[in-house]
Each structure stands twice: as structure tokens, then as C-alpha cells.
Amino acid sequence: MFYDLAANTWGQEEIDAIQRVITTDRFTMGDNVAQMERRFADYFGVKHAVMVNSGSSANLAAVAALFYKQERPLQRGDEVIVPAISWSTTYHPLQQYGLKLRFVDVALDTLNIDTDQLEAALTPATRMIVAVSILGNPAALDVMRAFADKHGLYLLEDNCESMDAELAGRKAGTFGHLNTFSFFFSHHISTMEGGMVVTDDLELCHLLKAIRAHGWTRDLPPDSPLFERRGEDFFEAYRFIVPGYNLRPLEMSGAVGIEQLKKLPEFTARRRQNLALFTHMFGKDERFIIQRENGKSSCFCFPIILNPAMDIDRAHVMQALKDADIGYRIITGGNFLRHDCIKYYDYTIVGEIRNADIAHDRGFFVGNHPFDLTPQLERLHSVLDQVCR
Ligand SMILES: Cc1ncc(COP(=O)(O)O)c(C=O)c1O
């Protein structure tokens with residue numbers, strides 16, 4: 001395809017890293033994963049990073065960890081404030097753990113939650129906010145953290161779409177008590193499948209490690225605050241302390257992650273060069289609403305909303321993009337409330353959901369990659385300019 005939604009970002013370094021793992025004969029989680037975790041924590045300036053096998057698993061482990069905290073654990077029936085646009089597995093763990101969702105609309109310009117509505121979303125049952133930065137553009141993470149602190153709420157940052165974005169000089173994915181990342185193909189770095197949870201809280205870190213591996217104590221140090229060792233080694237070696245899963249990443253993913261992380265600053269710089277060109281082309285054209293940058297976007301891709309005040313037919317636009325060999329898709333998952341699975345959820349809506357519907361019905365995105373996209377963006381601009389006349 002001339003201009004695809006996703007592109008491979010591996011070089012020979014990643015292939016060599018996998019080959020090195022193969023020669024060691026240790027394929028399951030080991031030293032490479034541990035090294036990736038240390039480097040990731042250092043890069044983001046946080047104390048702990050726990051790698052898992054996907055961003056979805058990162059969200060699942062993060063929610064589970066908050067249920068097993070010794071003090072102030074989450075409980076079934078607690079309420080969580082969420083944006084109306086995100087990926088399905090931002091929400092599914094919340095449903096699976098019996099939480100009630102309070103959906104808040106997004107702002108049309110940033111596509112992130114409208115924080116003016118946080119007060120209206122708050123009830124005596126509210127215990128957590130899930131903050132999502134959509135498609136590389138930081139949400140008002142500082143506002144949400146201040147609100148969470150003021151009201152004694154947990155902040156879980158699902159940063160699976162915005163690795164390396166920054167707000168006021170601080171990396172997205174470090175504002176929450178727990179913060180999640182995805183390393184899926186087409187994301188800012190890719191380890192085939194993979195994800196990470198980062199936190200400054202030692203108890204949460206140890207809970208995540210146990211939840212990642214069967215609820216087992218195997219990966220915890222002897223002085224872990226989560227449990228007291230008893231004398232018998234025979235039992236201690238197979239001791240389960242919380243209801244966990246198997247969410248462990250492969251050793252190859254750890255090894256590839258180390259190589260990809262080295263390239264991340266360069267990847268982000270290149271993505272941002274493309275963003276500058278895209279903004280130059282579309283920023284002042286009133287036919288198109290593009291994302292207003294809040295802080296420094298790491299520009300996952302280029303979302304475009306056809307101005308609802310104008311009579312432009314999206315189906316017509318999609319056909320023109322298809323004819324020009326340009327890939328496109330819905331913005332993240334669109335308005336989550338419009339998916340079939342919502343019938344399984346316990347939720348309420350704060351005010352009205354208008355902007356998420358506009359993004360759902362009149363929006364789409366095209367890809368961004370960590371290399372020069374000048375020819376692709378020029379073709380995109382020429383196609384949209386003509387079809388939207
Ligand atoms: C906001 C968000 N959360 C979670 C995920 C899940 O990540 P993964 O595909 O690694 O499971 C995604 C995937 O793109 C996402 O966009």
C-alpha cells in the first residue's frame with residue numbers, strides 16, 4: 001500500500017536480539033525482560049516497571065493490583081470515571097472486576113476527556129479516574145491528577161497510545177498511581193506483543209509481579225511487604241498469595257524491547273516532523289478538525305474529523321482514500337457506548353455524549369510512522385482537498 005496505517009520499525013538490531021535469545025535456550029521471561037524493565041523505568045524516571053504480554057494485560061494487571069492493596073483497595077461496585085473514546089481493553093478489566101463506569105464526553109479538539117465535567121462526574125462512590133491520552137496527544141493529566149489527589153481517588157493512566165508524549169516537561173504515563181503502555185505492532189515501539197505497567201509504589205509493583213505470574217511469590221524478593229516467609233522451603237517455592245493470571249512476556253519480546261527503546265527518541269522526533277508537515281497542511285483548513293496538541297504529542301497517527309458544520313459525505317471521502325491507496329480507520333474504537341459489549345456493563349453517562357459521536361460518525365485516522373512521510377502526506381492532502389470541495 002502507498003500509505004499504510006502501520007509500518008514495521010525493526011532493523012537488524014531487533015533480529016539479532018531475537019537470535020541471541022534463541023542461542024541461550026531460555027525463551028520464557030528472564031534477564032532480557034528484567035533489563036528491559038530497568039531501562040524502561042529509567043527512561044520514564046519512575047521507580048518500578050513490570051513487563052507483561054500486552055497493553056491489555058497491563059490494564060488488567062493494574063486494575064487487579066488495586067483490588068489487592070492492603071489499604072484502601074478498590075471494591076466491587078466502586079465507580080470509575082472514564083472517557084467515552086478509548087480502546088475496548090481500557091474498559092473491559094473494569095467491567096470484569098465489577099466496577100461501575102461513569103462515561104464523560106471528550107473535547108472535540110483534543111479527543112481527550114473533557115475535564116470541565118469531572119466535578120459533575122464525581123459521586124460519593126467514585127474511587128478512580130482512568131486517564132487516556134488519545135493517539136499520542138496528552139490528556140489533561142495534570143488536571144486529573146490534581147483532581148484525584150483532592151478527592152482521594154486513584155489515577156490509572158492508560159498510556160497505550162501515547163508513549164513518549166510530554167506534558168509540562170513530564171512524560172505521559174507517569175502521572176498515575178499506575179500507568180500502562182502497549183508495545184503492539186504499529187505502536188511507538190513494538191515487541192510483537194507486549195506491554196508495561198509503571199509505578200512508584202513498591203506494594204503495587206509486587207502485586208503486579210504476583211498477578212502477572214499465577215498469583216505466585218516466585219518473582220518477589222524475600223523482604224516483600226506482601227507476605228511473610230515461613231520456614232518450609234518445600235511449600236514456599238509454590239506459594240500463591242493473590243488470584244493471578246499468566247501475563248508473562250516472552251524473553252524475545254524483552255530483548256527486542258531493549259533495542260526499540262534505544263531508538264524511541266529518534267522515532268518520536270521523526271513522528272513529530274511529520275506532525276509539523278501535517279499541521280501545516282491541514283491546521284488552518286476549516287473543512288477539517290485536527291487534534292489540538294496539549295503539551296507535546298508523540299503523534300501515534302493523524303486523526304481528522306470532517307467539520308460537522310459542512311456538508312461533506314464521509315463515505316465519499318473514504319472511497320477517495322481507498323482509490324488513492326491510503327489506509328484509514330475509525331478513531332481508536334469510536335464512541336465505546338455504541339459497541340455491542342456495552343450491554344454487559346454497569347454504567348452511567350455524565351451529561352451528554354456529543355463529541356465522541358461526532359468523532360465516531362465524521363472522523364477517521366491515517367497512519368504516522370517514524371520516517372519521512374512527505375510524499376504520503378502530499379497525496380493525502382491533494383485527495384482530501386479535491387473530494388471535499
Ligand atoms: C488506549 C489503549 N489501551 C489499551 C490497548 C491495548 O494494547 P494491546 O494491543 O497491546 O493489548 C490499546 C491498543 O491499541 C489502546 O489503544
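Modeller: Let me begin with one crossing: α2 and α9 cross in a left-handed way, a term used if the near helix is turned anticlockwise from the far one by less than a right angle, with right-handed used if it is turned clockwise. This is a predicted model, in which local features need pLDDT of at least 70 and side-chain atom pairs count only at pLDDT 80 or more, while totals for chains, interfaces and linings use all residues. Residues are numbered from 1 along each chain as its sequence is written, and side-chain values use heavy atoms, with hydrogens and water left out.

Colleague: Why is α2 called roughly parallel to α9?

Modeller: The axes of helix α2 (residues 31-44) and α9 come within 7 Å and cross at roughly 30 degrees. Angles under 35 degrees count as roughly parallel, over 145 as roughly antiparallel, 65 to 115 as roughly perpendicular and the rest as oblique, so α2 is roughly parallel to α9.

Colleague: Which residues of α2 and α9 make the contact?

Modeller: Contact means heavy atoms within 4.5 Å, and among the residues that make it are Val33, Met36 and Phe40 of α2 together with Ala255, Ile258 and Leu261 of α9. The residues of this contact divide into nine nonpolar, four polar and four charged, where Ala, Val, Leu, Ile, Met, Phe, Trp, Tyr, Cys and Pro count as nonpolar, Asp, Glu, Lys and Arg as charged, and the others, Gly among them, as polar.

Colleague: What makes α1 roughly antiparallel to α9?

Modeller: Helix α1 (residues 12-24) packs against helix α9 (residues 251-282) at an angle of about 150 degrees, with the axes 8 Å apart. That angle is why α1 is described as roughly antiparallel to α9. The crossing of α1 and α9 is right-handed, and the residues of their contact divide into six nonpolar, one polar and six charged.

Colleague: How do you know which residues come nearest to the ligand?

Modeller: A residue is near a molecule if one of its heavy atoms lies within 4 Å of it, and of the 15 residues around the ligand, Gly55, Ser56, Asp158, Glu161 and Ser182 come nearest.

Methods. Axes fitted to C-alpha atoms, helices over the stretch in contact; angles between N-to-C directions. Helix = DSSP H or I, 4+ residues; strand = E, 2+ residues; numbered from the N terminus.
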